[in-house]
Amino acid sequence: MSRPRIFLSRSEPEACDCSCWPARRAMVRLLEAEGCEPVVVDKQTLVAGEEWMQAITDGMASAHGLLLILSVHALASPHVQNELAMAELRHRSGDFPIVIVTLPEVSRDELENGRLGSLSPTRRQLVAWSTGTEEEEVRRELGPQLELLRAGMNGARVQQYMAHRLESVDDQRLRQAAEHLRLPPAPLPGLLRQRLAEGLLAERPSVREADPLRGALVRLLPLPGAEPSREVIELSLVHARIPAAAAERINAIVRWEEPRFAVLVAAGTETARRYVHRASEDPLPWEHFVVPVTAATGPMTSLVEGVEEELRERGLDDDEALREHEEDFGPVVVIVPHLPDPGLVARLTARFPVGLLFLFVVDEGFHEGVGADRVLAGLSREGEDELHRTIRSFIRRYAPRAPQQPV
């Protein structure tokens, strides 16, 4: 995950005996300690020939948020006024947090009547730094806001999607769900949603009594609309129960290895579909389908013909279309309920050399001869049953499909 870049807005005269210089040095240390990269524009950082305003504009454009050290000098600074105006514009048009830290020299009257009054900084929750030097004092206030910023940048699409789905849940239910997952309290609602999204997606085994995941879902559901509820149920349980090691192995095979196939020891193809969803690392699973084996033509011919027919129906019946599809959406996964004997693997991967991943589903004890690196971390039969049973029962209660109307 990349480090959030925080534009440090401030003003410090060279000869100054107030707390602005110690505060600047302390805030740079604090941001770095919190996993952020301070963006500081001053005489030392200017490139030869670079204009001051251009440096500020470039620094602001590369930043993910702004932290304003509000000193008496900053209140009167036109540069700070411009920086806050640019930050306000980005904040209105997108997710660009603005954090304002007031130093002890700034009074309430100066804040309300200064040049920054037209931008209404008092609309924001200010962090009052009574000493301007003791880092721990302000770290307690800034830490959660910086954690929220980092969480929003973590690049995990499923977590961000889950956090977005939880925006409709009231604070009381969020806190109750967090207690079930034993998550630390969060002072910011957005941070609580991010922690909950991460907690719901964390890999964890099921337990017979007082299962924390099921307890959390009971507190959060239903969401407005059956489809959001269904998504939260499936994403939570698939990520919690399917081993992350299996998802990582599937992705490694897709990226680096030929022929592209894996073996899953499971009771049925429904489990294989859950594995595909987990490996996709996306709210929507990779496109996938099951190809049955027809006894009349034999496994080799029936599987090849079955894959060809499915790809035709999906408009993916040539290599170029499959390449484009994989680049945009990920590979197409062919779930094969058959033993992965070498001849079959060779025939399928030779006929379909690009865009596909073959996932063979076999019973326990029927994968001898397959390299251990191709066999995915599996679930016990009890674990498989619990996964499917829990998903079905929660969907039946919280996200039932509407009955089809007669034509």
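I'll start with helix α2, residues 52-62, where Ala55, Ile56, Gly59 and Met60 are buried. Bear in mind that this is a predicted model. Looking down the axis of α2, the buried residues fall within an arc of 130°, so they line one face of the helix.

Next, a helix pair. Helix α7, residues 157-165, packs with helix α11, residues 226-241, at an angle of about 140°, and their axes are 11 Å apart. The roughly antiparallel class takes angles over 145 degrees, and α7 and α11 are therefore oblique to each other. Their crossing is left-handed. Which residues meet there? From α7 we have Val158, Tyr161, Met162 and Arg165, and from α11 they meet Pro228, Glu231, Val232, Leu235, Ser236 and His239. Sorted by class, this contact of α7 with α11 has 6 nonpolar, 2 polar and 2 charged residues.

Is Gln194 buried or exposed? Its relative accessible area is 8%, and the cut-off for buried is under 20%, so Gln194 counts as buried. If we leave aside neighbours within four places in sequence, Gln194 is in contact with Leu148, Ala151, Gly152, Gln159, Gln160 and Ala163.

That's what I have; I'll take questions.

Technical notes:
Residues numbered from 1 in each chain as written. Predicted model: local features only at pLDDT ≥ 70, side-chain atom pairs only at ≥ 80, totals over all residues. Heavy atoms only, no water. Axes fitted to C-alpha atoms, helices over the stretch in contact; angles between N-to-C directions. Helix = DSSP H or I, 4+ residues; strand = E, 2+ residues; numbered from the N terminus. Parallel < 35°, antiparallel > 145°, perpendicular 65-115°, else oblique. Left-handed = near helix turned anticlockwise from the far one by under 90°. Contact = heavy atoms within 4.5 Å. Nonpolar A, V, L, I, M, F, W, Y, C, P; charged D, E, K, R; others polar. Buried < 20%, exposed > 50% of the residue type's maximum accessible area, 1.4 Å probe, protein only. Arc of directions from axis to C-beta.
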